[in-house]
Amino acid sequence: MSDHTTHHEEHHKETFISKYVFSMDHKMIAKQYLITGIIMAVIGMVLSILFRIQLGWPDESFPFLEKLLGKWAQGGRIDPAFYMSMVTIHGTIMVFFVLTAGLSGTFSNLLIPLQIGARDMASPFINMLSYWFFFLSSVIMTWSLLIESGPASGGWTIYPPLSAIPKAMPGSGLGMTLWLISMAIFVASALMGGINYISTVLNMRTKGMSMTKMPLTIWAFLLTAILGVLSFPVLFAGVILLIFDRGFGTSFYLSDIFIGGEALPNHGGSPVLFQHLFWFLGHPEVYIIIMPALGISSEIIATNARKPIFGYRAMIISLIGIAFLSFIVWGHHMFITGMNPFLGSVFMFTTLIIAVPSAVKTFNYLATLWRGNIQFTPAMLFAIGLVSLFITGGLTGIFLGNASLDINLHDTYFVVAHFHIVMGSAAMFGMFAGVYHWYPRLFGKMMDERLGYFHFWLTFIAVYCVFFPMHFMGLDGVPRRYYSFTSFDFMKEWLAVNRFISIAAILGSLAQFIFLYNFFRSIFKGKKAPQNPWNSNTLEWTAPVEHMHGNWPGEIPWVYRWPYDYSKPGHDEDFIPQNVPLSETMSSNLPGDYGTHHGSKANH
Amino acid sequence: MNISIAQQLKSSTKAILLFVLLTISSTISFAQATMPAATDVASQELGITFWFYVLLLIAAVFAFAVINKTLKVLELTQELNGKKIKNTYNKVNGVFFIFFLVLFLGYVYYEFTTHGRMVLPESASEHGAITDNLFNITAIITGIVFIITHILLFYFSFKYKGKETRKAFFYSHNDKLELYWTIIPAIVLAVMVLSGWKAWTNITAPAPKEALTLDVTGKQFAWIVRYPGNDNALGSKAFKLVNDVNETGVDFNDKNAKDDLLVNEIYLPVNRPVKFNFNARDVIHSAYMPHFRAQMNCVPGMPTTFWFKPTITTEQMRLKTNDPKFDYLLLCAKVCGSAHYNMQIKIVVVNDTEYATWLTTKKPFYTEEMAKQIQEAAASVAKAKEEKLALNTHE
Ligand code: HEM
Ligand SMILES: [Cu+2]
Ligand SMILES: [Cu+2]
C-alpha cells in the first residue's frame, strides 16, 4: 500500500499550473467545473434581477441602473433591446453553462471514477480539454455582454430569421456571432466530456461493479452523456448552418424576407428547419439537465432516509425510458409552427408517454421516504424540494403536451412557469443537494448545516412565490419575452403580481448569498470532514479525504453488493458499504444477494 | 465547542444582515418615481405598494435575524444538556415540513381563488369551449395528483423524521405496486391523449367552405390585415412585388385583388367561421388571439393557416366580463425584436348587419393614386438592388 503511494509521488511532481490550472485529475476538474458554474450562475442571477426590476416596476426609473448599464439604461430605465439581451443571455447561461456544464460537469467528473472504483477518467487529457473548452466558451459568452451593439437577443432558442439578420435587432449583429462561436465551442466541450463519461462507465468499473450494482447517480450520468453525445452534434449542425446563412449568403433558414426597406435575395430556405434541429437537441437537453439531478437526489434520498431506494430496477428502467423517449418528443415545442397536424398528434402521443416514467420515479421517491429514518441534512432538504418541484412542473407538462391545449398556452407565461419549476428550479435544487452532500468529498471540509437550512427554506419558499403565479398570467394570455405589460389594458391587472414576483425573486436571490458565503468560507474555515460523514454505502467514501492521484492509495476496493443496503435487518449498523463482502454479513444476507452476485460471477 | 458555534453564528449573521441591509437601502435610495406622484393617482398607488413591499422586506430580514438568534439559543442549550443537535434539527425540519404543507396548500388555494379568477374569460370561439373543457378536466386530474403527492411527500418527511431510536424499514421493491403505478398513469394519460387528439384533429381540419378568409401578415411591429372585399376572394400575392407601399406584395393585376381592403381593426361576423392565412414579411411572429384560444406562427416564406368560429360578440363579452372597455385582440407571441411587447391589433366581433355596414365604410386599397405610388416604390427597390450589385462587382 505504501509502495503505491510513493510510486505516485515520484512520478507526479506537480507544479501549481499542473495541479490547479491544467489539471488532469478528475476531482480537480470537477471543482473547476463547479466554481466556473457558480460564477456563471451568479451572472445569470444578476441578469434576472435586472430584468425583474423592469417587469416589477415598468414605470419607474432607477438611476443606479444607468450607472451600471450606461447607455442600455438611459434615464434609469432599461432599454427594450437590452432587456431582450438579458433574457437571452440569462437563459443561455442557466440552461447550458450552469445546469448542463456546471451540474453534470461537476458531478459526473467527481463521482464517475469515485463511485465505480476507477483511478481517473478514461482519458484525463480529453477531460482537461473539455473543461478548458467550457471555460473558453464561458468567457466568450460573458464577454458578449460587454460589446457595443449588445449581446445576442433573440431568446435562448435563437430562432432565425431574427437571429440571422443583423438588421432585425441590435443583438443579431456581433452579439449573435459571439453567441454562436461560444456555443460551438461549448458543444465541443460537452462532446469531449460525454465520450469520456461513457467510456469510463462502460470500461473502468472495479471488480464486482456490474451495471446493476451501480449507484443511480452513475446510471443517470451515463444516460445523460449518451443523450448529449447523440443530440449535441445536431445543435452543432444547426449552429453551423446558421453561421453560413449569416456570413456566407446561404439560404438554409431564409426565404422571402423584406426588411428595412430591402428585399433579401435569399430564397427556398425554411426557418422551421432550424427549429427542428434546435429542438432535436433542445428537448433531450432538458433531460440532460434533469437526469443528473434525479440521479443525485435518488442517491441522497436513499442515504438520508436510511432506506434502499425503492424499486431500483424500476428507477433504471424509467431513466432508460425517459432517455429513449426524449428523442422523439421534440415536436411538442413546435405544435403551432404550422407543421402537419398529424405529426402534431404523433408528438402529442410520445410526449404524454414520457410522463409515465416520470410518474414512476416520483412514486418511487415517495415510497423510499415511507417508513424511513430521515436525516435532514441540507442535501436531503434540497432533494425533497426537488421532488416537490418535479411533481409540480411535471404536471403542467401534461397540459402543454396536449396539442389542443398548447395552442392557447404556447409562448405564454404558463410555459415560463412550467420550465422554471421543472427544469430551472428542480435541477438547481439537485445541484445544491449535490454540493451539500459531496462537499466533504470535493473540499475535505464540511459546510455549515444551519446556514444550509436557512438557504433551503428561503429558496424553497421563494421559488414557489416566483413561479407559481406565472401559471395564471399564462392562462390570462400574457405572452412571454415581453419587455413590459403596460401596452395592453388586459395585462395591467398583473402589474401588482409582477411586483410581488420581482420582490420574491430579489429575496430569493439574496438567500443565495447565504449559500455563496457558506460555500467559499467552508473551503478555508469549514470543519474537517470525516471519512464518511453521511454513513453512505458508495465507494467514494472509502477513498481518503485528502485528494490523491489515483483516488485510492492501495488496491481499488472490490464491490460485493448493491449500493442501497441501508437499515438491513440483521445488521447492527444501518448501512453496509458496497465493498463489504457478503461473508462478513452473514446475519443480514438475503437469498437475492447471492443470486445476482454469484450468478454474474459464474458467467465470467 | 459551544463558544465556537456562537462566534461563528455571530459573524455569519452579521455579514448577511449587513449585506441585506446595504442592498435594500441602496435600492430604496435609488428608486424614484419618474412622474410626480401627487399628480397621478396611479403612480401614487404604485408608490404606496412599493413602500409596502419595502416594509415587508425589512420585516423579512428581521424575521431572519430573530429565527437565527432563537436557533442559536436552542443550539446552545441543547449542547449544554448533552443532546445531539442533529436530532433536534431533524425534528425542527420535520415539523417545518408540516407547517410548509399547510402553508403551501393554503397558498395554492389562494392562488387558484385570486389569480385563478384573473384568467381569460370564457372562450369566444367554438373550439375554445371544447379545449377549455379539456383544460378543466386535465386540471382536476392533475390537481388531485398534485395534492395527494404533496401531502404524502411532506407528511412522510414529518412522520419519518430521523430519531436515534428508530430504524428504517428495509423495503427495496414491490413489483405489483410498481406495476400499478405505472399502468394507472398510463391509462389516465391515454384517455387524455385520445380526447386531446380528437380536439386537435377537429381544430386543425380544413376550414369550412363558407368561411370568411383573411390575409394576415406580421411585420416588425404591426399586423397587416387584408379583406377579400365584395367578391369574397383574396387577390394573389408574390414576394417579388413586396415594397414599402405594397407591403405584402399583392398582385394588383389579379382581378380579385382590385377590391381587397386593408384595415386597422379586424371585424368578424359572429357565428361565421373565419380562416386566417398567415404570413410574415421579415421574421417569425405568432398571431395569438387568446380570447379565441387561437394561435399560429407567421413564418416568412411559409404560409400557415388557422380557422375558428367566433361565438360571442364584443358587445356581449363586455356585458359578460362587466368591462365596458373590453376588446378582443390579436397580439404577437413569438419574440420578433425590440418592440415585440407591443404588436397588437384589435378584433371586433359583431352581428351580420353590423358587419355589412362596416364593410360598406371601407374603400378598396387599390386606387390610381396607389398604383402610381406602388410603381415608384417598386422602382426604388429595384434601384437599390442594382446599386448593391454594382457595389459588389466593384469590390
Ligand atoms: C412530464 C413531463 C413533461 C412534459 C409532458 C412536458 C411538456 C412540455 C411541452 C409540451 C413544452 C412546450 C410548451 C410550449 O412551448 O408551448 C414544454 C416546454 C418546456 N419544458 Fe417540458 N415537459 C415535461 C417535463 C419537462 C422537464 C423534466 C423539463 C426539464 C427538466 C422540461 C423543460 C422544458 C423547457 C425548458 C421548456 C420550454 C422551452 C422554451 O420554449 O424555452 N419539461 N414542456
Ligand atoms: Cu420538450
Ligand atoms: Cu412580432
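**Exercise 1.** How do the residues of the lining of the largest cavity divide into nonpolar, polar and charged?

*Solution.* This is a predicted model, in which local features need pLDDT of at least 70, side-chain atom pairs count only at pLDDT 80 or more, and totals for chains, interfaces and linings use all residues. Residues are numbered from 1 along each chain as its sequence is written, chains are lettered from A and ligands numbered from 1 in the order in which they are written, and side-chain values use heavy atoms, with hydrogens and water left out.

Begin with the term itself: on a 1 Å grid over the protein atoms alone, a cavity is a set of points where a 1.4 Å probe fits but cannot get out, and lining residues have an atom within 4 Å of a point. The lining then divides into 32 nonpolar, twelve polar and three charged residues, where Ala, Val, Leu, Ile, Met, Phe, Trp, Tyr, Cys and Pro count as nonpolar, Asp, Glu, Lys and Arg as charged, and the others, Gly among them, as polar.

**Exercise 2.** Find which helix gives the most to the lining of the largest cavity.

*Solution.* Among the 47 lining residues, A:Ser48, A:His90, A:Met94, A:His420 and A:Phe467 lie nearest the centre of the cavity. With helices taken as DSSP runs (H or I, at least four residues), numbered from the N terminus, α14(A) gives the most, with twelve residues.

**Exercise 3.** Identify which side chains have a polar atom 2.6 Å or 2.7 Å from an oxygen atom of ligand 1.

*Solution.* The side chain of A:Asp406 has an N or O atom 2.6 Å from a ligand oxygen, while for A:His410 a polar side-chain atom lies 2.7 Å from an oxygen atom of ligand 1.

Notes: Polar contact = N/O pair within 3.5 Å; in protein donor to acceptor, adjacent residues only side chain to side chain. 1 Å grid on protein atoms, 1.4 Å probe; cavity = no way out; pocket = protein on both sides within 12 Å on 5 of 7 lines; lining within 4 Å. Helix = DSSP H or I, 4+ residues; strand = E, 2+ residues; numbered from the N terminus.
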